[in-house]
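Me: I have a new structure to read. Can you take me through it, feature by feature?

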Amino acid sequence: MIVGKTALVRGKSWSDRIFDALVYIVVLLVVVITVYPFLNVLAISLNDSIDSVRGGITIFPRKFTWDNYIKIFTFSGLITGFKISALRTIFGTLLGLLSASMLAFTISREDFQGRKFVSTFLALTMYVSGGLIPTYMLMKDLGLMNTFAVYILPGIVSAFNVFVIRSFIDGIPYALQESAKLDGANDFTIYWRVILPLTKPALATISLFLAVGQWNAWLDTYLYNGSSESLTTLQYELMKVLQSTTAGSGGDYRTNVISSAMNQVSPESIKMAITIIVTVPILLVYPFLQKYFVKGMTLGAVKS
């Protein structure tokens, strides 16, 4: 009798099996739709440029070659852009994370008298902005034009990031801070040795947001450092390549470099190869933060 009940519990009805099969099919379709464009771009970038003109490439290259990537790295602007993008991603993420976590810790303190005023002021910045022209004039008046600092300083504090980290800190028992204070720890010691280790999921989530935002940014380069070749970014160079391959010699990219490259590789191959170059580095960051990402968003952003 017990065996029969166990078998009945373990077994699945035909309706459950059909439902499971439909779920697997839908998930598989979503995966294919999501992954296929990236695999197609990768296949074209690894395919012979002359053969790519024929079209019909799916997820596997017909004539495998590294020539497209070899030609790409002959562009001096891309090498400089890669260095600047990597530097701004590293410094922008570290400084943005440090400033957001310190401010979040400050306004989370119950003994901080101005916490409501500062929180309200930060919230207003999420809905009210001066606009593009006042921001440009401000950057010019501050002397940030044609400098590396223009990539870091304007976005060093984000209200959204502060609120996510503060919500996470609010879930930590305040008794831990009081206990540390009784042991002789000052505010910075509490922040550094108590709060930061306990907020790793939230910090990892914000780090991913900051890194992706810094790596993908190109508009600030166009607005503030467009005339400085030594401060160009990888995404900005990609934008110029896309414009050049679409508009021909009238594009903004260095015409002599592009024209010499076009004699050996197709514009489509250049676009796909550069797309892979600017996408893969930031994709490699995600696996290291994945285990913290869901937990950080759930415990940080959902709380009031």
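**Reading the structure**

Reply: Start with one residue and its neighbours. S119 touches I107, F163 and R166, leaving aside residues up to four places away in sequence. Keep in mind that this is a predicted model.

Me: Where is S119 placed?

Reply: S119 sits in helix α6.

Me: Is S119 buried or exposed?

Reply: Look at the relative accessible area. Buried means under 20%. S119 has 13%, so S119 is buried.

Me: How much of the chain counts as buried?

Reply: Of the 304 residues, 38% count as buried.

Me: How many helices and strands does the chain have?

Reply: There are 16 helices and zero strands.

Me: How do I check the span of helix α2?

Reply: Count residues, then compare the ends. Helix α2 covers residues 14-45, which is 32 residues. At 1.5 Å a residue, α2 should span 46 Å, and its end C-alpha atoms are 46 Å apart, so the two agree.

Me: Where does α2 have a kink?

Reply: Go to V35. A kink of about 35° lies there, shortly before the proline P37.

Me: Which residues of α2 are buried?

Reply: First, the general idea. An α-helix has 3.6 residues a turn, so residues three or four places apart point the same way. Now the case here. The buried residues of α2 are N40, V41, A43, I44 and S45.

Me: What do the buried residues of α2 pack against?

Reply: They pack against α3, α4 (67-72) and α15 (267-283).

Me: What can I say about S49 in α3?

Reply: Helix α3 runs over residues 49-52, and S49 is in it. S49 has a relative accessible area of 6%, so S49 is buried. Next, compare sequence with space. S49 and T65 are 16 residues apart in sequence and 8.8 Å apart in space, C-alpha to C-alpha.

Me: How do I look for empty space?

Reply: Rolling a probe the size of a water molecule over the atoms shows where empty space is left. In this model, about 920 Å³ of space lies in the largest pocket.

Me: Which elements give two or more residues to the lining of the largest pocket?

Reply: They are α5 (76-108), α6 (115-125), α7 (132-141), α11 (200-216) and α12 (219-224). Helix α7 gives the most, with five residues.

Me: Which residues lie nearest the centre of the largest pocket?

Reply: T135, P154, G155, I156 and V157 do, out of 33 lining residues. By class, the lining has 20 nonpolar, 11 polar and two charged residues.

Key: Residues are numbered from 1 along each chain as its sequence is written. This is a predicted model: local features need pLDDT of at least 70, side-chain atom pairs count only at pLDDT 80 or more; totals for chains, interfaces and linings use all residues. Side-chain values use heavy atoms; hydrogens and water are left out. Helices (H or I, at least four residues) and strands (E, at least two) are DSSP runs, numbered from the N terminus. Buried means under 20% relative accessible area, exposed over 50%, partly exposed in between (1.4 Å probe, protein chains only). On a 1 Å grid over the protein atoms alone, a cavity is a set of points where a 1.4 Å probe fits but cannot get out, and a pocket is an open set with protein on both sides within 12 Å along at least five of seven lines; lining residues have an atom within 4 Å of a point. Grid points are joined across faces, edges and corners, and a volume is the space filled by probe spheres set on the points. Ala, Val, Leu, Ile, Met, Phe, Trp, Tyr, Cys and Pro count as nonpolar, Asp, Glu, Lys and Arg as charged, and the others, Gly among them, as polar. Contact means heavy atoms within 4.5 Å. The expected span of a helix is 1.5 Å times one less than its number of residues. The bend at a residue is the angle between axes fitted to the seven residues ending there and the seven starting there.
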